[in-house]
Amino acid sequence: MQRTIFTTPIVNALFRWLSVAYLRLAGWKVLGSLPPEASRSVFIAAPHTSNWDLPYTLMVAFVLRLNVHWMGKASIFRFPFGRLMRWLGGIAVDRSKSNNLVAASASAITQASGALQLIVPPEGTRSKVRYWKTGFYHIAQTAQVPIVMAYMDYTRKISGLGPVFYPTGDLEADMRTIKAFYAPFKGKNSEQFEAG
């Protein structure tokens with residue numbers, strides 16, 4: 001994977017300091033930490049209901065000293081923002097094409113030379129959806145890495161890392177467990193998030 005803002009030494013330190021300061025001034029609390037066994041993992045990014053989720057997610061990643069990559073729709077990677085989005089850890093996803101994103105993502109995780117956390121929004125969009133996409137689950141299962149339940153609650157101004165979850169292979173039961181964890185959290189546009 002290419003160099004990102006999280007692997008650029010001086011820039012990383014500066015943005016970490018700025019992130020800590022901004023979140024503290026804005027009244028946000030960052031909770032949890034990444035256990036060593038989850039240094040390579042798939043993060044669920046939920047609820048995802050606003051464009052503001054990306055900057056807040058990046059700030060939380062700096063505070064927690066993570067090395068994140070995140071999936072975003074291909075249109076935000078067009079000129080003139082493509083290089084910047086990739087430097088911020090972005091990976092373009094073209095939702096109009098059928099490609100083997102699960103295999104490619106799992107391969108990137110397993111071939112990474114160090115820690116790597118791949119952030120995947122299960123809704124696949126900021127719009128209201130009734131059913132979550134299960135790509136994050138299949139990526140984790142294929143790469144044989146855990147899923148970290150990362151969250152952001154705009155009402156309570158908390159964000160962080162919840163439990164580490166190991167897929168059992170029983171997709172329906174696992175999704176019920178995962179969605180139950182996310183039920184109390186409110187996104188910026190809370191009417192667009194449904195964990196049930």
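Strand 1 and strand 7 pair in the parallel sense, with 3 bridges between them. One of the residues involved is K29, whose bridge partner in strand 7 is I158. The model is a predicted one, and strand 1 happens to be where its confidence is highest, at a mean of 98. At the other end of the scale sits strand 4, where the mean is lowest, at 84. Taken over the protein, the mean pLDDT comes out at 89, and 89% of the residues reach 70 or more. Where pLDDT is low, the predicted coordinates should not be read in detail.

Zooming out, the protein has 6 helices and 7 strands. Read from the N terminus, the elements go α-β-β-α-β-α-β-α-β-α-β-β-α. Of the 196 residues, 44% count as buried. Among contacts with a separation of 6 or more, 72% come from residues 24 or more positions apart.

The 7 strands make up an open sheet with mixed pairing, in the order 1-7-6-2-5-3-4. Strand 1 (29–31) and strand 4 (90–93) stand at the edges; each has a single partner strand, so one side of each is left without a neighbour in the sheet. On average, and ignoring direction, neighbouring strands are turned by 25° against each other. Helix 5 (residues 135–143) packs on this sheet, where it touches strand 2 (40–46), strand 3 (68–73), strand 5 (116–120) and strand 6 (147–153). The direction of helix 5 makes about 170° with that of strand 2. Helix 6, for its part, lies across strand 2, strand 6 and strand 7, and runs at about 30° to strand 6.

These two helices also pack on each other. Helix 5 and helix 6 meet at an angle of about 115°, and their axes are 11 Å apart. Their crossing is right-handed. On the helix 5 side the residues that take part are F136, Y137 and H138, and they meet L171, D174, M175 and I178 of helix 6.

T168 ties in with this helix pair. The residue is placed in the loop between strand 7 (158–165) and helix 6 (171–182). Leaving aside neighbours within four places in sequence, T168 is in contact with Y137 and D174, and those two residues also feature in the meeting of helix 5 with helix 6. The C-alpha atoms of T168 and Q141 are 8.6 Å from each other, although the two residues are 27 apart along the chain. T168 counts as exposed because its relative accessible area is 57%, against a cut-off of over 50%.

A polar atom of the Q117 side chain lies 2.7 Å from the backbone oxygen of S39. S39 is also on the list of residues that Q117 touches, not counting those up to four places away in sequence; the others are L34, A38, S41, F43, L66, N67, V68 and H69.

Conventions:
Residues numbered from 1 in each chain as written. Predicted model: local features only at pLDDT ≥ 70, side-chain atom pairs only at ≥ 80, totals over all residues. Heavy atoms only, no water. Helix = DSSP H or I, 4+ residues; strand = E, 2+ residues; numbered from the N terminus. Buried < 20%, exposed > 50% of the residue type's maximum accessible area, 1.4 Å probe, protein only. Contact = heavy atoms within 4.5 Å. Pairing = 2+ DSSP bridges. Axes fitted to C-alpha atoms, helices over the stretch in contact; angles between N-to-C directions. pLDDT = per-residue confidence, 0-100. Polar contact = N/O pair within 3.5 Å; in protein donor to acceptor, adjacent residues only side chain to side chain. Left-handed = near helix turned anticlockwise from the far one by under 90°.
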